[in-house]
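Here's a quick tour of a protein chain and how its pieces sit against one another. Have the sequence and the 3D view open side by side, and follow along.

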Amino acid sequence: MSKQAPNEACVIPLRPPAARPPAVRPAARRPGTTRPASERPATTVPAPAATPSAPAATPPAVPPAPAPREPLWRDLIGDVLRRERLAQERTLKDVADAARISMPYLSEVERGRKEASSEVLAAAAHALGLGLGDLLSLAQGELVRLAGRRVPGGGRGRTGAPHDGLCLAA
């Protein structure tokens, strides 16, 4: 092996490109004659374009909008807590301190980001001067209002009976 100087570049010789065979030209043909099928180049036939089923003047049909999703219980509870707190003109800190829960947690419950336990909901409701039943009743009323707005006829299985959301089975 030979030693190279530190600044000398290492050169790797490249192989010359492979030689191609010369192109074979077909013999000249008289004008107006065609080549036999065996001499024709292979071509692909494009797929036929889809014919529109509707006239061009009609705009394409817009797919129906997805049905609105059911409201989540945590969103309903949070909305009721925030509405009651703002109606009393109280701050988030004031209610959180009275309920003995952290202010960031109460904020996340109000925004529907956290699924609060019944103990936390009861503490927040009591801090606002409500009972847990009052809080749940207000949330249930909100649910009925939202569901009634969304579903034609008032909802599934509704008979018009004035049971106000409470139903007992025997």
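**The big picture**

Starting at the N terminus, the elements of the chain run α-α-α-α-α. That's 5 helices and 0 strands, where helices (H or I, at least four residues) and strands (E, at least two) are DSSP runs, numbered from the N terminus. What you're looking at is a predicted model, in which local features need pLDDT of at least 70, side-chain atom pairs count only at pLDDT 80 or more, and totals for chains, interfaces and linings use all residues. Residues are numbered from 1 along each chain as its sequence is written, and side-chain values use heavy atoms, with hydrogens and water left out.

**The chain as a whole**

- The chain has 170 residues, and 17% of them count as buried. Buried means under 20% relative accessible area, exposed means over 50%, and partly exposed is in between (1.4 Å probe, protein chains only).
- Take the contacts in the chain with a separation of 6 or more: residues 24 or more positions apart account for 60% of them. Contact here means heavy atoms within 4.5 Å.

**H2 against H4**

- Find helix H2 (residues 92–99) and helix H4 (residues 118–127): their axes come within 8 Å and cross at roughly 120 degrees. Axes are lines fitted to C-alpha atoms, for helices over the stretch in contact, and angles run from 0 to 180 degrees between N-to-C directions.
- H2 and H4 are therefore oblique to each other. For the angle words, under 35 degrees counts as roughly parallel, over 145 as roughly antiparallel, 65 to 115 as roughly perpendicular and the rest as oblique.
- Which residues of H2 and H4 meet? Val-95, Ala-98 and Ala-99 come from H2, while Ala-123, Ala-124 and Ala-127 come from H4.
- Sorted by class, this contact of H2 with H4 has 6 nonpolar, no polar and no charged residues. Ala, Val, Leu, Ile, Met, Phe, Trp, Tyr, Cys and Pro count as nonpolar, Asp, Glu, Lys and Arg as charged, and the others, Gly among them, as polar.

**H3 and its partners**

- H2 also meets helix H3 (103–110): the axes of H2 and H3 come within 9 Å and cross at roughly 110 degrees.
- That makes H2 roughly perpendicular to H3.
- On the H2 side the contact uses Leu-92, Lys-93, Val-95 and Ala-96, and on the H3 side Met-103, Leu-106, Ser-107 and Glu-110. The residues of this contact of H2 with H3 divide into 5 nonpolar, 1 polar and 2 charged.
- H1 and H3 pack at an angle of about 115 degrees, with their axes 7 Å apart. From H1 come Arg-74, Gly-78, Asp-79, Leu-81, Arg-82 and Arg-85, and from H3 come Ser-107, Val-109 and Glu-110.
- By class, the contact of H1 with H3 has 2 nonpolar, 2 polar and 5 charged residues.

**Zooming in on H4**

- The buried residues of H4 are Val-120, Leu-121, Ala-122, Ala-124, Ala-125 and Ala-127.
- Is Ala-124 buried or exposed? Ala-124 counts as buried because its relative accessibility is 1%.
- Leaving out residues up to four places away in sequence, Ala-124 touches Leu-81, Ala-99 and Leu-106.
- Ala-124 and Val-109 are 15 residues apart along the chain, and their C-alpha atoms are separated by 9.9 Å.
- Gly-129 follows H4, and its phi is positive, near 80 degrees.

**Loops worth a look**

- Arg-90 is found in the loop between helix H1 (73–87) and H2. Its side chain makes a polar contact with the side chain of Gln-88 (3.2 Å). A polar contact is a pair of N or O atoms within 3.5 Å; within protein, one must be able to donate a hydrogen and the other to accept it, and residues adjacent in sequence count only if both atoms are side-chain atoms.
- A polar atom of the Arg-90 side chain also lies 2.5 Å from the backbone oxygen of Ala-127.
- Most residues other than glycine have a negative phi.
- Glu-89, in the loop between H1 and H2, has a positive phi near 55 degrees. At 74% relative accessibility, Glu-89 counts as exposed.
- Arg-100, in the loop between H2 and H3, has a positive phi too, near 60 degrees. Arg-100 is exposed, with a relative accessible area of 77%.
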